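Open the model in your viewer and keep the sequence panel beside it. The stops below say what to select and what is there.

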Amino acid sequence: MTPRTLTARALGRATLARQHLLHRADLPVLDAVEHLLGLQAQAPTPPYFALWARLRRFRPAALADLIEGRHVVRTVLMRGTVFAVSAADAAALRDWVQPLLDRDLTTNTQYAADLAGVDLRELAATGRDLLGDGPRSLQELRPLLAERFPGRDPAALAYGLRNLLPLVQVPPRGLWGRSGQPRLTPLGEWTGHGPARPDPAVVLRRYLGAFGPASVRDAQAWSGLTRLGEVFERLRPSLEVFRDENGVELFDLPDAPRPDPAAPAPVRILAPYDNVLLSHADRTRIVSDEHRRRIVTQNGIVRSAVLVDGTVAGTAKLAVAKDSAVLEVTPWRRLTAPQRSAVEAEGLRLARFGAATAPTHEVRFPAG
């Protein structure tokens, strides 16, 4: 039997439904974090804005309390980037993506040459020793590592530790309304969760539940790992199989939501670095190839994207001053009057969330 074809719009609606971007969910914050397999968190605040876009009545304190209580941690995971994940998922997913982080030590264009020939076991042991007295920042670790490995680049050594050891960024880093440079400590000592070896099939089923339907290449783009086709072949008897408009094979959970492509999609304003924009090889279900290149800046910052009718229609940036909070929206296509009104209404809600104490809140569009 020939697999049914799903259009880009159908795929977009399915993914938005699973991401709670078609309808905000009434979920405990920890449950939402685990369902989404973490929230991308290169900067402190994006996880809060990501949850605001997905949950009803979300309060920043709900996530901040989980971080302070060590139930959610900030650590390096998929694609070698920082995620805010549950403590249990941090232990399991870190072991799963470790091959990616090991490979990066020999391929990273900035640090690989300086790490060549370093005894990585000795480096990891040194890092554990140096962190035994308490959390330290990478900047604090660099001179200490230079003493142990004379003649080596301290920045490269510190980067090596970041990949070799499961480390978490401790508060106040990542707390709403607080500041602080990333200070690191071993995951197990912080949470009490020892290393876990997850079944890759379980992880990929969870990925489909949050991002599907998806191809093998999509899952590899999300994780940064390779050879996941072998796992999907093992899963194939328990999955639904579709094709996209280019004939690419897609896998999905049989009972996962796949809304009617004509289902309305409300305006949503995504967080910077929002993982829904970065977790597929083919992202045209949500953002066109042309606009995909406009979302990411030259220095790697992923802008906050505005979704209109389920796809990226522009970007937004919140500017907060003492006397006002202004959300600047830059559309990339012509918006109808109702769409523009919906963007303004959602933008005002976001501005009030992101700058609750500002005396005034405003949404601005470019002149003309």
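**Stop 1: the whole chain**

Start with the surface. The protein chain exposes about 16800 Å², and carbon and sulfur atoms supply 51% of it. Such areas come from the Shrake-Rupley method with a 1.4 Å probe, and for residues only the protein chains shown count as cover.

Some ground rules. This is a predicted model, in which local features need pLDDT of at least 70 and side-chain atom pairs count only at pLDDT 80 or more, while totals for chains, interfaces and linings use all residues. Residues are numbered from 1 along each chain as its sequence is written, and side-chain values use heavy atoms, with hydrogens and water left out.

Switch to cartoon. The protein chain has 15 helices and 13 strands. Its radius of gyration is 21 Å, close to the 21 Å from the globule rule for 368 residues, so the chain is as compact as a globular protein of that length. Helices (H or I, at least four residues) and strands (E, at least two) are DSSP runs, numbered from the N terminus. The radius is taken over C-alpha atoms, and the rule is 2.2 Å times the number of residues to the power 0.38. Along the principal axes, the C-alpha atoms fill a box of roughly 65 × 60 × 35 Å.

Colour by accessibility. Of the 368 residues, 52% count as buried. Buried means under 20% relative accessible area, exposed over 50%, and partly exposed in between (1.4 Å probe, protein chains only).

Now contacts, meaning heavy atoms within 4.5 Å. Among those between residues at least 6 apart in sequence, 65% join residues at least 24 apart.

**Stop 2: aromatic rings**

Select Phe, Tyr and Trp. How many aromatic pairs does a search of the whole structure find? The search finds 12. Rings (for Trp, the six-membered one) pair if their centres lie within 6.5 Å; planes under 30 degrees apart count as stacked, over 60 as edge-to-face and the rest as tilted.

Zoom to Phe49 and Phe353. Their rings are edge-to-face, 5.5 Å centre to centre, with 80 degrees between the planes. This pair links distant parts of the chain: Phe49 is in helix H3 (residues 46-54) and Phe353 in helix H15 (residues 337-354), 304 residues apart. Phe49 is buried at a relative accessible area of 12%, and Phe353 is buried at 11%.

Move to Tyr111 and Tyr159. Their ring centres are 4.6 Å apart and their planes at 25 degrees, so this pair is stacked. Tyr111 sits in the loop between helix H5 (87-107) and helix H6 (112-115), and Tyr159 in helix H9 (residues 154-164), so the pair ties together parts 48 residues apart in sequence. Tyr111 is buried, with a relative accessible area of 13%. Tyr159 counts as buried too, at 15%.

Tyr48, Phe49, Trp52, Phe58, Trp176 and Phe353 form one aromatic cluster.

**Stop 3: helix H9**

Select H9. Is this helix enclosed or open? Of its 11 residues, 10 are buried, so H9 is largely enclosed by the rest of the structure. Among the buried ones are Ala155, Leu157, Gly160, Arg162 and Asn163. The buried residues pack against S3, H5, H6, helix H7 (120-130), helix H8 (138-148) and S5.

**Stop 4: backbone exceptions**

Most residues other than glycine have a negative phi, and most peptide bonds are trans.

- Pro171 to Pro172: the peptide bond is cis, with omega near 15 degrees. Pro172 is in the loop between strand S5 (167-169) and strand S6 (184-186).
- Gly212 to Pro213: a cis bond again, omega about -5 degrees. Pro213 is in the loop between helix H11 (200-211) and helix H12 (216-223).
- Arg57: not a glycine, yet phi is positive at about 55 degrees. Arg57 lies in the loop between H3 and helix H4 (60-68) and counts as exposed at 67% relative accessibility.
- Arg70: phi is positive, near 70 degrees. Arg70 is in the loop between H4 and strand S3 (72-76) and is partly exposed, at 36%.

**Stop 5: Ala25**

Finish at Ala25, in the loop between helix H1 (8-18) and helix H2 (29-35). Ala25 counts as buried at 12% relative accessibility. Leaving aside neighbours within four places in sequence, which residues is Ala25 in contact with? They are His20, Arg54, Leu55 and Arg56.
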